[in-house]
Amino acid sequence: SLYGTNAFLAVINVITISGRDLKGGELSGSGGSYNTWAGRATGGGKTASGVEFLLSGGYNDADGKGHLLFPEYHAMDGGIARGLDGERSWNLLTKIGWKDFSLLLLHQDRNKSVPTAPYYSIFNDPAEKSIDRHTLLGLGFKHSGSFLDLDARLTYNRYEFVGEYPLD
């Protein structure tokens, strides 16, 4: 990518892991400021019959900053949003492969508190939040021959956003 008159160049190389590369499982966890916690469990391998699989799930939980100051809302609650910057999310990834066939399932779910009162909603109301859901399901067939290579995919992709904005 190039940007502006003082252009710079960026290369992002994404290398995904497969079940045969993992050969077992791994756990990871982290914690941070504002009571933030995250965890992930991943497992995978390849069976004797040639089925390759990968299963991974993660969870994130963050309370967010306890008090946020928005001077433009000074007339309401002193412009301080209390406990409204939290976020909780989880995700699941499943990859299964056998011979020329592959199956991919990805689901992500995120629930975020909104402290900024958009769209003329009530400032500092705990009912204000946004919810994101994304589901991807893919079935693939890939075969390489001496004369012809075939790569066919059938996918289902759904994204849903729900914004809850309480009004007077």
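**A guided look at the predicted chain**

The protein chain has one helix and nine strands, where helices (H or I, at least four residues) and strands (E, at least two) are DSSP runs numbered from the N terminus. Read from the N terminus on, the order of these elements is α-β-β-β-β-β-β-β-β-β. This is a predicted model, in which local features need pLDDT of at least 70 and side-chain atom pairs count only at pLDDT 80 or more, while totals for chains, interfaces and linings use all residues. Residues are numbered from 1 along each chain as its sequence is written, and side-chain values use heavy atoms, with hydrogens and water left out.

Turning to overall dimensions, the C-alpha atoms of the protein chain fill a box of roughly 75 × 40 × 35 Å along the principal axes. The radius of gyration of the protein chain is 22 Å, whereas a compact globule of 168 residues would have one near 15 Å; this radius is taken over C-alpha atoms, and the globule rule is 2.2 Å times the number of residues to the power 0.38.

Of the 168 residues, 26% count as buried, a term that means under 20% relative accessible area (1.4 Å probe, protein chains only). The largest nonpolar core consists of seven residues, namely L68, F70, Y73, A81, L84, A117 and F123; such a core is a set of buried Ala, Val, Leu, Ile, Met, Phe, Trp, Tyr and Cys residues joined through side-chain atoms within 4.5 Å. Within this core, Y73 touches G78, G79, T116, A117 and F123, leaving aside residues up to four places away in sequence, where contact means heavy atoms within 4.5 Å.

Technical notes:
Buried means under 20% relative accessible area, exposed over 50%, partly exposed in between (1.4 Å probe, protein chains only).
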